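Dear colleague,

I am passing on the structure below, together with a short account of what was found in it. Please read the account with the structure open beside it.

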Amino acid sequence: MTPEKALGKAIKVQRVEAELSQEQLAEQCEVDRTYISNIERGNRQPSYKTLRLIAAALKTKASELIRDAEQREQSE
């Protein structure tokens, strides 16, 4: 799994666990829903600022999302 897809998967899993739609997450982060969709599919990479906004909306830390992504990347 590529780093981009691993991070996208980590964000998606956290979003689903938080019971948020892509639209709800996007609104909280002040980005477009399609941007969240592209991140989750590994087609786009969030900036550090956006990653921190996503993490805050998911009630976690950016470092936790990255750690999860690294574990997914290594397990594939």
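**Contacts of Q14**

Leaving aside its neighbours within four places in sequence, Q14 is in contact (heavy atoms within 4.5 Å) with L58, T60 and L65. This is a predicted model, in which local features need a pLDDT of at least 70 and side-chain atom pairs count only at pLDDT 80 or more, while totals for chains, interfaces and linings use all residues. Residues are numbered from 1 along each chain as its sequence is written, and side-chain values use heavy atoms, with hydrogens and water left out.

Q14 itself belongs to helix α1, where helices are DSSP runs of H or I with at least four residues, strands are runs of E with at least two, and both are numbered from the N terminus. Although Q14 and L65 are 51 residues apart along the chain, their C-alpha atoms are separated by 8.4 Å. With a relative accessible area of 23%, Q14 is partly exposed, a class that lies between buried (under 20%) and exposed (over 50%), as judged with a 1.4 Å probe and protein chains only.

**Helix α3 and its surroundings**

Helix α3 is mostly covered, since 6 of its 8 residues are buried, namely Y35, I36, S37, N38, I39 and E40. These buried residues pack against α1 (3-17), α2 (22-29) and α4 (48-57). After α3 comes G42, which has a positive phi, near 80 degrees.

**The chain as a whole**

The secondary structure comes to 5 helices and 0 strands. The radius of gyration, taken over C-alpha atoms, is 11 Å, close to the 11 Å that the globule rule gives for 76 residues, so the chain is as compact as a globular protein of that length; the rule is 2.2 Å times the number of residues to the power 0.38. Along its principal axes, the C-alpha trace spans about 30 × 20 × 20 Å.

Buried residues make up 38% of the 76 residues, and of the contacts with a separation of 6 or more, 59% are between residues 24 or more positions apart.

As for confidence, the chain averages a pLDDT (the predictor's confidence in each residue, from 0 to 100) of 96, and 100% of the residues score at least 70. The mean is lowest in helix α5 (residues 62-75), at 95, and highest in helix α3 (residues 33-40), at 98.

With kind regards
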